[in-house]
Amino acid sequence: MKKIISLLSVLALLYSCGSNDKGQLVGAEGKKWIPEEPFGMVLVPGGSFIMGKSDDDIAGTLDASPKTVTVNSFYMDETEITNAEYRQFVNYVKDSVARVMLAMEAELEGATPGDDGIGEYAFLDNDESDLTPYQEYMMETYGTGSELDDYENRKLNKDIDIIWDTEDYPDVAYSRVMDQLYIPKDEAFNGLRTIDVHKLKYKYSWFDVQAAAKGKNDNRSDYIQSEVVEVYPDTTVWIKDFNYSYNEPMHNDYFWHSAFDDYPVVGVTWKQARAFSQWRTKYNNDYKKAREESNVPAYRLPTEAEWEYAARGGLEGATYPWGGPYTKNDRGCFMANFKPLRGDYAADQALYTVEAKSYDPNEFGLYNMAGNVSEWVNSSYDPSSYEYMSSMNPTVNNYDNNKKVIRGGSWKDVAYFLQVSSRDYEYADSARSYIGFRTVQDYLGNDVPLNQQNTFRR
């Protein structure tokens, strides 16, 4: 026993001598973290504000009664998510789906890398020499994947580009797989076959922290939610939303044509907006992981309180993001894209949507927080939610409540819905030609609250 104690003492002494803390409590060192402002976002400094309608809007106070609330600092997209940005998500999913399908077919064919055909896209884990010990263990222990993703533990070859030009397909097996990605030949017209968008599905899981914190069950797996979402926006909204109206050009070109790259994406459901946020987090963290840096805070939809606070731009009691109470500036120009003058859509210099970075930004540097497109937020609609929600970072989001709040008004709305305090809702699985979204990211640290900045500057 004395020998064991002596050995432990020597080891403890060696450990102490080998460290640089001189025996002091200095804390454990974490991963390298470089604070940075996310690209395309602006910092919204936290603070307190009066959320809801003013007392002179008696009808409006029924579901938006004024209440003083406080929110933390956060980053927010300076514009609505654009068609080009959302297409990056769609293209990522399309590429991933194609790679998995090609790898599956290569495995069925027994093809391997080096045959200059579909074998170049085979699962790399077929050759165990390419696996790390961890990957080999995961394959042996958990198999190819889970119910959510049957191939999540398989290693894809991402170093080779997908061939989309039919003239360059390397072999028949490759052609067979790619043919399955497109709509059937008898559904094509004018010789144009497009991708079957119903096959572009993004699979992810998330942990329901709210339910876990309130629940009495210690089984974590009961609080893990799985989602499978078709990511392609519904372009038919331009037709379905407006009867007896010629909107075919918007249906045909708005999402995919480069002329509309910088316009806000529409036809996206609340569930698709959440899937985009989850993918954006993963995409950013994959880059951070390769550089051995800390993960970024998750991108997400803003809460209703965060959205209204950001839209106000630090102006207390203002009607619109620019103040108000008018929708025109001192030169007689409209300040946003909406439906003015009893339906004169062209009066504000736009017929449908406008580029996401149009009109003047508010004091936080955020564009089109009123008009252009309404925006999904991460809150469910309850007329009485203002009465019982917390006054610190308030949010009411019952996942089972399919009514989700939209804020800001749109190109087809009258001025009332452009007011920063106006509430509206749509169903989570619905897509509209006038609803888009923008994302936020939590700010790590203690930024000076907005309503205290002047005090600290003195």
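## Basis

The model is predicted, so local features need pLDDT of at least 70 and side-chain atom pairs count only at pLDDT 80 or more, while totals for chains, interfaces and linings use all residues. Residues are numbered from 1 along each chain as its sequence is written, and side-chain values use heavy atoms, with hydrogens and water left out.

## Nonpolar cores

A nonpolar core is a set of buried Ala, Val, Leu, Ile, Met, Phe, Trp, Tyr and Cys residues joined through side-chain atoms within 4.5 Å. Buried means under 20% relative accessible area, exposed over 50%, and partly exposed in between (1.4 Å probe, protein chains only). The largest such core has 55 residues, and Y86, F89 and F437 have the most contacts inside it. Two or more residues each come from α2 (83-109), α4 (172-181), β5 (201-207), α6 (237-240) and α8 (270-290). Helices (H or I, at least four residues) and strands (E, at least two) are DSSP runs, numbered from the N terminus. The largest share, nine residues, is from α2.

Beyond its neighbours within four places in sequence, F437 is in contact (heavy atoms within 4.5 Å) with residues including Y86, V265, F276 and W376. Another core, of 25 residues, lies apart from this one and includes V44, F364, Y381 and V396.

## Surroundings of E120

E120 sits in the loop between α2 and α3 (133-142). With a relative accessible area of 18%, E120 is buried. Leaving aside neighbours within four places in sequence, E120 is in contact with T112, P113, G114, D115, N157 and I160.

The side chain of E120 reaches the backbone nitrogen of G114 at 2.7 Å. A polar atom of the E120 side chain also lies 3.3 Å from the backbone nitrogen of D115.

Note on methods:
A polar contact is a pair of N or O atoms within 3.5 Å; within protein, one must be able to donate a hydrogen and the other to accept it, and residues adjacent in sequence count only if both atoms are side-chain atoms.
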